[in-house]
Amino acid sequence: MIQFSKCRLIIQDRRVLVPILNDTMVSIWYIAGSICFFYPVNKETGVLLFLLGSIQLFTRNLIRIMKSIQIKLVSGYRNNSRNPQKSGQ
């Protein structure tokens, strides 16, 4: 929750918000990169913006992978390789 002077911004589910913000930023990078290509002086900036957009598209897939994988601690599980017990005790 972020408090402003007379209102609050409440983020209910960050797992939904992060991909939306990422997609929005990708769109901004590609639009700005396309505009830069209209002017010969700004072509290097356009290439840089396209590269940023491509990197963010890659992170989009990483975000989707992280959302789909859950690591849970299984109760009662012991890793015997860390705590070797002597046999016969």
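A polar contact is a pair of N or O atoms within 3.5 Å, where, within protein, one must be able to donate a hydrogen and the other to accept it. Keep that in mind for one pair of side chains here. The model is predicted.

Start with Gln56 and Trp29. Their side chains are joined by a polar contact of 2.4 Å. Gln56 sits in helix H2. Is Gln56 buried or exposed? Its relative accessible area is 17%. Buried means under 20%, so Gln56 is buried.

Now look at the helices themselves. Helix H1 covers residues 14-36, and helix H2 covers residues 43-68. Their axes come within 8 Å and cross at roughly 160°. Angles over 145 degrees count as roughly antiparallel, so H1 is roughly antiparallel to H2. The crossing of H1 and H2 is left-handed. Which classes of residue make up the contact of H1 with H2? There are 13 nonpolar residues, nine polar and five charged.

Charge brings us to another pair. Side chains of opposite charge can pair when their charged atoms come close. The structure holds one salt bridge. Arg60 forms it with Asp23, and the closest N and O atoms are 3.3 Å apart. This pair links distant parts of the chain. Arg60 lies in helix H2 and Asp23 in helix H1, 37 residues apart.

How accessible are the two partners? Arg60 has 35% relative accessibility, so Arg60 counts as partly exposed. Asp23, at 27% relative accessibility, also counts as partly exposed.

How values were computed: Residues are numbered from 1 along each chain as its sequence is written. This is a predicted model: local features need pLDDT of at least 70, side-chain atom pairs count only at pLDDT 80 or more; totals for chains, interfaces and linings use all residues. Side-chain values use heavy atoms; hydrogens and water are left out. Axes are lines fitted to C-alpha atoms, for helices over the stretch in contact, and angles run from 0 to 180 degrees between N-to-C directions. Helices (H or I, at least four residues) and strands (E, at least two) are DSSP runs, numbered from the N terminus. Angles under 35 degrees count as roughly parallel, over 145 as roughly antiparallel, 65 to 115 as roughly perpendicular and the rest as oblique. A crossing is left-handed if the near helix is turned anticlockwise from the far one by less than a right angle, and right-handed if clockwise. Ala, Val, Leu, Ile, Met, Phe, Trp, Tyr, Cys and Pro count as nonpolar, Asp, Glu, Lys and Arg as charged, and the others, Gly among them, as polar. A salt bridge is a side-chain nitrogen of Lys or Arg within 4 Å of a carboxyl oxygen of Asp or Glu. Buried means under 20% relative accessible area, exposed over 50%, partly exposed in between (1.4 Å probe, protein chains only).
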